[in-house]
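Thanks for coming. I'll take the ligand site, then the pockets. Here is the model.

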Amino acid sequence: MVSFEEARSIILGSVETVGVERIHLLEATGRILSEDVTAPWNLPLWDNSAMDGYAVRWQDCVATPCTLSVTGFLPAGATSDGISVAAGCAVRIMTGAPIPEGCDAVIPVEGTDNGMQEVILLEPVKKGQHIRFCGVDVASGVVFVRCGAIIRPPEMNMLAGFGMALVPVFRRPTVAILSTGDELVELGRTPGPGEIVNSNTLSLASAVIEAGCIPRIIGIARDTRDSHLEKLGEGLKADVLITSAGVSAGDCDLVRDILEELGAKQLFWKVGIKPGGPTAFAMYGTTPVFSLPGNPVSTMITFDEFVRPALLRMQGQHRVLRPLFKAVLRESLKKKPGKVQIVRLRLEKEGGCWYAVSAGNQQTAILKTMVDAQAIAVLSAESTDFAAGDEVAVHFYGNYIELE
Ligand code: AMP
Ligand code: MG
């Protein structure tokens with residue numbers, strides 16, 4: 001058995017990115033940049049006005065109020081070529097328009113009488129005011145987003161602003177999802193006696209999509225050697241393979257043996273975590289293989305704690321763990337030492353502080369508690385009992401609808 005921390009570090013130490021591609025910016029939301037990106041030009045490209053108003057020579061307006069002649073008009077999109085502003089003159093200018101030769105300040109229209117031929121400036125003027133100077137945002141040649149950055153609206157805006165229609169990103173791994181067990185029927189069929197719906201495939205596919213990867217549904221391996229050989233073999237063609245069930249010590253638990261037969265190298269089996277103890281991890285060449293326990297709660301928790309960070313790392317993300325924050329327990333929690341325990345919680349916010357209560361029955365088989373949970377506490381292996389008022393580290397999980 002490995003510890004929770006060892007399991008994570010073995011996994012994160014084994015996985016690598018699966019290549020890069022250039023994609024259109026519009027397709028790039030949530031993708032991870034695979035290169036540092038350098039500004040090809042200054043942003044902004046030229047000095048321009050930050051306000052609708054008048055471009056002036058600052059020295060003409062040291063003492064206000066004063067009156068200047070309006071000798072031109074510069075809307076956004078116009079060029080200031082050939083426009084130069086003589087002493088005692090001003091140009092009416094709109095936001096974004098280039099600052100004409102000779103001007104070194106902009107007076108917002110609100111600080112004037114809004115005159116057309118002549119303008120009276122009512123407010124004191126500071127040199128350089130309301131001018132967005134060339135390169136003040138990003139200077140040409142500077143790296144403005146780094147390899148590993150997630151492409152969100154701000155990155156998108158800047159990449160687009162620099163005219164980058166194609167961006168280099170890490171490829172999204174394909175993730176094969178295989179369920180195992182003779183008791184399973186596919187969604188759409190009513191389970192007969194002794195049967196249950198293969199729900200893990202659905203929640204794993206959903207979790208894989210949420211983690212930015214592409215699910216490949218392999219279906220169900222029956223509890224026979226042949227079926228396992230065939231389905232596991234198919235799953236190993238993807239960039240990642242996730243199996244559920246058949247990984248404990250039961251008579252029909254074939255996953256690990258058949259994976260080994262197919263050439264996968266097991267790096268651990270059994271983790272000090274509850275739920276999720278029987279989790280196994282292997283590498284088949286460069287393909288990580290996660291064998292998760294079949295109990296749906298264990299499957300989801302082990303995905304979140306072990307598989308998700310690996311999938312994020314495989315897409316080039318640096319921060320792969322969910323951020324933790326402190327919550328104060330409203331009630332006591334009992335725990336045995338020796339294993340990390342995952343507790344499903346609901347949250348309340350009071351006086352700027354998070355408080356946590358159990359999201360329901362914590363038994364592994366209770367799926368509803370997973371639906372109701374808003375946060376997960378990962379209680380360390382050494383810790384034992386927690387009293388009401390104790391702080392625990394939690395991360396968000398699931399629905400926060402009632403938190404607002
Ligand atoms: P096993 O690891 O094969 O002993 O399965 C553990 C528990 O998880 C059993 O109660 C199974 O019926 C259940 N289970 C296994 N696979 C799935 C699945 N794909 N969807 C839902 N429940 C499952
Ligand atoms: Mg089984």
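An oxygen atom of ligand 1 sits 3.1 Å from a polar backbone atom of glycine 294. This is a predicted model, so please read every distance as computed from it. Asparagine 198 uses its side chain instead: one of its polar atoms is 2.8 Å from a nitrogen atom of the ligand. As for cover, ligand 1 taken alone exposes 480 Å², and the protein buries 74% of that.

Which residues come nearest to ligand 1? There are 14 residues around the ligand, and the nearest are Glu183, Asn198, Asn200, Gly294 and Asn295. By class, the shell has five nonpolar, eight polar and one charged residues.

The largest pocket holds about 580 Å³ of space. It is lined by 25 residues, and those closest to its centre are Ala207, Glu210, Ala211, Arg308 and Arg322. Helix 3, residues 200–210, supplies at least two residues of that lining, and so does helix 6, residues 296–314. The lining of the largest pocket divides into 10 nonpolar, eight polar and seven charged residues, while the shell around ligand 1 has one charged residue.

That's what I have; I'll take questions.

Key. Residues are numbered from 1 along each chain as its sequence is written. Chains are lettered from A and ligands numbered from 1 in the order in which they are written. This is a predicted model: local features need pLDDT of at least 70, side-chain atom pairs count only at pLDDT 80 or more; totals for chains, interfaces and linings use all residues. Side-chain values use heavy atoms; hydrogens and water are left out. A residue is near a molecule or strand if one of its heavy atoms lies within 4 Å of it. A polar contact is a pair of N or O atoms within 3.5 Å; within protein, one must be able to donate a hydrogen and the other to accept it, and residues adjacent in sequence count only if both atoms are side-chain atoms. Accessible areas come from the Shrake-Rupley method with a 1.4 Å probe; for residues, only the protein chains shown count as cover. Ala, Val, Leu, Ile, Met, Phe, Trp, Tyr, Cys and Pro count as nonpolar, Asp, Glu, Lys and Arg as charged, and the others, Gly among them, as polar. On a 1 Å grid over the protein atoms alone, a cavity is a set of points where a 1.4 Å probe fits but cannot get out, and a pocket is an open set with protein on both sides within 12 Å along at least five of seven lines; lining residues have an atom within 4 Å of a point. Grid points are joined across faces, edges and corners, and a volume is the space filled by probe spheres set on the points. Helices (H or I, at least four residues) and strands (E, at least two) are DSSP runs, numbered from the N terminus.
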